[in-house]
Amino acid sequence: MKTVVRLALVDPRDATRNSLKSMLLGIDSVWLDAECSRYEFFSDVVQQSQPDIALVTLDSDPVKALALVGRITQDLPACNVLVLSSSAEGSLILQAMRNGAKEFLSIPLKLEDFMAALDRIVQIHGGRGGDGQVRQSQVLAVCGVSGGVGCTSLAINLACILARNEHNSVAVIDLDFALGDTDVWLDIIPDYTIQDVAENITRLDYSLLKRSLTRHECGAFLLPRPVQMDDGLKITPDQLRRVIALLKATFTHLVIDISKSYSALDLAALGAADTALLVTQLDLPCLRNVVRLMQFFDQREGFSGKIKIVVNRLGLEDAQISLNKALETIGREVYWQVPNDYATMVEARNNGVPLIVQSPRAKITRSLEQLAHSIDGSAHIAPEADDKKQRKGLFSFLGSGSR
Ligand SMILES: Nc1ncnc2c1ncn2[C@@H]1O[C@H](COP(=O)(O)OP(=O)(O)O)[C@@H](O)[C@H]1O
Ligand SMILES: [Mg+2]
């Protein structure tokens, strides 16, 4: 989990204070240390609790509140003051900033506006003491060039590998609304799905979002596809971006299993991703689609830089195209090669247990651990997995299992 930011709040109006309070209580990365209904007492409260952030609403008495902002920033320079007001008057904003406020937020406060302000403060000031412990959330999308290339296998197993680090919190989103099977891989019977999230999108808050996720024993949380096939499910790219933004505020890693339709939703998720793995196998239809998709990504701003090609099932006996020939065909660098090991993969899936638990020493597991580590240094490689043999490359994978 991210480093928690400690916060104190002052608002003489019960209604706004209570609604702010319930929003703050739903945010994992925020610890509401103190709340106060009188401007006069807040200086003392802040002196005592020494929060990272002081939230001051101006509406009850802007003159008093602005003076208070000045006092806090002077007495406690390490405390970031955020002011809130239902007025957007320029002079008020200017005065708040002159008195040392870091952010000016509108009432009613939108969760995403608050989270964005929080992110800015954490980025600039590094949270409490600037100890550098606050990490940005990483979004990893896994997309494929054809059905059955191994996207879900890789997404789930990478998520479980990342979740093994106790400092990480990982959520998996299944974007294959029709046939997604992430729940099978994790052997989860989910209570809620992305459909619940979609239906409640306008009143989505943290507690609802968190209730919609089911936790697997390995530590990863899952937001699965809808239970019923339903073409009435309406979730817009903007709404999905909002869900992703909310999840990013709570989880250190999001792993998104992209559908194969490359719909507007898939593209929104790819747009939000920091890294996207494009999974392929070494057969002609797949390689042709690698070229096709890479051309498509090249046309979209900001896409091609984050796409990493992953060759899955390397060593599959009936793969007719050699890696060298494939490289020639696609004209791009292959970022990673995952060995073929059908028996191990299927056993893990059928048991609903990730590879790191089911077969921690298998070459395929080690390859995925190293892939996770290479994308994100927070994924630890188990000591026994630091196997020199793994570095032999292509030939060490041959014969490692077949369909
Ligand atoms: N590296 C691999 N070696 C052997 N079999 C694999 C490998 N990766 C995936 N598979 C198998 O391929 C099949 C399809 O994988 P899946 O992840 O469901 O693909 P996708 O999500 O792209 O449709 C599954 O039966 C899975 O066990
Ligand atoms: Mg899949």
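Trainee: How many bridges pair E6 and E11, and in what sense, parallel or antiparallel?
Mentor: In this predicted model, strands E6 and E11 are joined by 5 bridges and run in the parallel sense. Within that pairing, Ala141 stands opposite Ala276 of E11.

Trainee: And which way does E10 run relative to E6?
Mentor: E10, which covers residues 253-257, is parallel to E6 and is joined to it by 5 bridges. One of the positions to look at is Val142, whose bridge partner in E10 is Asp257.

Trainee: Is E6 itself mostly covered or mostly open?
Mentor: Strand E6, residues 138-144, is mostly covered, with 7 of its 7 residues buried. Gln138, Leu140, Val142 and Gly144 point one way from the strand, whereas Val139, Ala141 and Cys143 point the other way, and all of them are buried.

Trainee: Which residues touch the most other members of the largest nonpolar core?
Mentor: That core has 75 residues, and the ones touching the most other members are Ala141, Val142, Leu158, Ala159 and Ile256. Helix H6, residues 151-163, gives the core its largest share, 10 residues.

Trainee: What is Leu158 in contact with, leaving aside its neighbours in sequence?
Mentor: Once the neighbours within four places in sequence are left aside, Leu158 is in contact with Leu140, Val255, Leu368, Leu371 and Ala372. There is also a second, separate core of 33 residues, which includes Ile27, Val56, Ala96 and Phe114.

Trainee: Switching to ligand 1, which residues come nearest?
Mentor: Gly150, Cys151, Thr152, Ser153 and Met345 come nearest among the 18 residues around ligand 1. The elements giving two or more residues to this shell are H6, strand E12 (307-314) and helix H14 (342-351), and the largest share, 4 residues, comes from H14.

Trainee: How do the residues of that shell divide into nonpolar, polar and charged?
Mentor: The shell around ligand 1 divides into 7 nonpolar, 8 polar and 3 charged residues.

Trainee: Last topic, confidence: what does the protein average in pLDDT?
Mentor: The average pLDDT is 86, and 87% of the residues score at least 70.

Note on methods:
Residues numbered from 1 in each chain as written. Chains lettered and ligands numbered in written order. Predicted model: local features only at pLDDT ≥ 70, side-chain atom pairs only at ≥ 80, totals over all residues. pLDDT = per-residue confidence, 0-100. Core = buried A, V, L, I, M, F, W, Y, C linked by C-beta atoms within 7 Å. Buried ≥ 20, exposed ≤ 12 C-beta atoms within 10 Å, placed from the backbone. Contact = placed C-beta atoms within 7 Å. Near = placed C-beta within 6 Å. Nonpolar A, V, L, I, M, F, W, Y, C, P; charged D, E, K, R; others polar. Pairing = 2+ DSSP bridges.
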